[in-house]
Amino acid sequence: MNSSNTSRQLPHLLNADLHCHSTVSDGTLEPELVAARAKAGGVELWALTDHDEIGGLQRAREAALAEGLAYLTGCEISVSFAGVTVHIVGLGFDADDIALGEGLARTRGGREARAREMAAGLAKVGIHGAFEGSLPYAGNPDLISRTHFARFLVERGHCADLGDVFRRYLVEGKPGYVPHRWAALGDAVRWITAAGGVAVIAHPARYRFTATEEYALFSEFKAHGGRAVEVITGSHSAADAIRYAEVAREFELLASRGSDFHSPKESRIDLGTLPDLPGTLTPVWQVLGDRVQWPSSDGAPEHPAPRNEQRRPA
Ligand code: AMP
Ligand code: MN
Ligand code: MN
Ligand code: MN
């Protein structure tokens, strides 16, 4: 498939979905099926952002271009900040960058030991074999996550759904929770930016920070070179979106939009179905025009079609 990466200015109103997962981390669809679902959901600009792993990006790129989607590289890096896990999305980086690849490998490296500790904690409350039982859901011990444990526990009938597993077993204070030291904020932001990408604070409303800690997160993120924040995400309520639109303005950050889709059965928000970004913010894709991979003109649209302006605002 031919493609071009000629720089183009992208419009403000664009069905961009710049946060979602595949089987390469804790999603349930292969990268090709996520691309097809994005296309079916009306997405025009798409990035696959698996946790701490870019091994699915070649497949994602080929599938996106074959579907006629404009494509950006992506990943979601796990970071520890003030004792809380924060997720930093990277967009539009060079996927062959050595330092980024090494940083992601180090970040993933602790997952197996953590998962074995999680299983030991669950064994103490009578749930045995959780490591061995959850591993097949992940495929690779370097990628095993709480989501895979949650799927195993639902499958075994311990809980009704994923949310129930997290509440009862996998969050702080519960038997399967193990505190973990992820990447440092400054390292994650530098890996992304040094590889030519843009760093984005993912779903900020999900973190349980005090106002002072949140201010520190945004200030330090900017000081390290971070440039954007997710305002419209599947993890935000309408009130969260309003609040973080205000924070984006206060910190002069670009705004991003992404469903955080993981699975047809588990995810509340499907690819491409989110409200638009508020008109007063600058979309992150307006600085990523020269990082976008465009489908070739044979069979696929040259550029995203004009949007229906009647869509509901955020
Ligand atoms: P980990 O990186 O192993 O700590 O796992 C974090 C992942 O768990 C996130 O990326 C989400 O996909 C998932 N997750 C976190 N909280 C919940 C929840 N309450 N319900 C369902 N999935 C969750
Ligand atoms: Mn996840
Ligand atoms: Mn996340
Ligand atoms: Mn995510």
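User: Which residues of helix 2 are buried?

Analyst: In this predicted model, the buried residues of helix 2 are Leu57, Ala60, Ala63, Ala64 and Leu65. Buried here means a relative accessible area under 20%. An α-helix has 3.6 residues a turn, so residues three or four places apart point the same way. Just after helix 2, Gly68 takes a positive phi of about 85°.

User: Why is Asp52 called buried?

Analyst: Asp52 has a relative accessible area of 0%, and the cut-off for a buried residue is under 20%. Asp52 is therefore classed as buried. Its place is in the loop between strand 3 and helix 2.

User: What makes the phi of Asp52 worth a remark?

Analyst: Phi of Asp52 is positive, about 55°, although Asp52 is not a glycine. Most residues other than glycine have a negative phi. Glu252 also has a positive phi, near 50°, and is a residue other than glycine.

User: Is Glu252 buried or exposed, and why?

Analyst: Glu252 has a relative accessible area of 66%. Exposed means over 50%, so Glu252 is exposed. Glu252 is found in the loop between helix 10 (238-250) and strand 10.

User: Why does Leu14 count as buried?

Analyst: The relative accessibility of Leu14 is 2%, to be set against the limit of under 20%. Leu14 therefore counts as buried. It belongs to the loop between strand 1 (3-4) and strand 2 (16-17). From Leu14 to Phe131 there are 117 residues in sequence and 42 Å in space, C-alpha to C-alpha.

User: Why are His51 and His262 both described as buried?

Analyst: His51 has a relative accessibility of 10% and therefore counts as buried. His262, with a relative accessible area of 14%, is buried as well. The limit applied to each is under 20%.

User: Which residues coordinate the manganese ion (ligand 3)?

Analyst: Glu76 (OE), His87 (ND1) and His203 (NE2) coordinate the manganese ion (ligand 3), at 2.1 to 2.2 Å. In sequence these donors follow the spacing E-x10-H-x115-H. The manganese ion (ligand 3) is 5.6 Å from the manganese ion (ligand 2).

User: What coordinates the manganese ion (ligand 4)?

Analyst: The donors are His19 (NE2), His21 (NE2), Glu76 (OE) and Asp260 (OD), at 2.1 to 2.2 Å. Their sequence spacing is H-x1-H-x54-E-x183-D. His21 lies in the loop between strand 2 and helix 1 (31-40) and Glu76 in strand 5 (residues 74-81), so the pair ties together parts that are 55 residues apart in sequence. His21 and Glu76 are buried. Between the manganese ion (ligand 4) and the manganese ion (ligand 2) the separation is 4.6 Å.

User: Which residues surround ligand 1, and where does ligand 1 sit?

Analyst: Ligand 1 sits in the largest pocket. The residues around it include Asp26, His51, His87, Arg111, Arg146 and His262. Helix 4 (111-124), helix 6 (146-155) and helix 7 (162-170) each supply at least two residues of this shell.

User: How do you know that Arg111, Arg146 and His262 make polar contacts with ligand 1?

Analyst: A polar contact is a pair of N or O atoms within 3.5 Å. An oxygen atom of ligand 1 is 3.0 Å from an N or O atom in the side chain of Arg111. For Arg146, a backbone N or O atom lies 2.8 Å from an oxygen atom of ligand 1. For His262, a polar side-chain atom is 2.9 Å from an oxygen atom of ligand 1. The protein covers 78% of the 500 Å² of accessible area that ligand 1 has on its own.

How values were computed:
Residues numbered from 1 in each chain as written. Chains lettered and ligands numbered in written order. Predicted model: local features only at pLDDT ≥ 70, side-chain atom pairs only at ≥ 80, totals over all residues. Heavy atoms only, no water. Donors = N, O, S within 2.8 Å, 3.2 Å for Na, K, Ca; no water. Near = heavy atom within 4 Å. Polar contact = N/O pair within 3.5 Å; in protein donor to acceptor, adjacent residues only side chain to side chain. Areas by Shrake-Rupley, 256 points an atom, 1.4 Å probe, with all protein chains shown as cover. 1 Å grid on protein atoms, 1.4 Å probe; cavity = no way out; pocket = protein on both sides within 12 Å on 5 of 7 lines; lining within 4 Å. Sits in = over half its atoms within 2 Å of the grid points. Helix = DSSP H or I, 4+ residues; strand = E, 2+ residues; numbered from the N terminus. Buried < 20%, exposed > 50% of the residue type's maximum accessible area, 1.4 Å probe, protein only.
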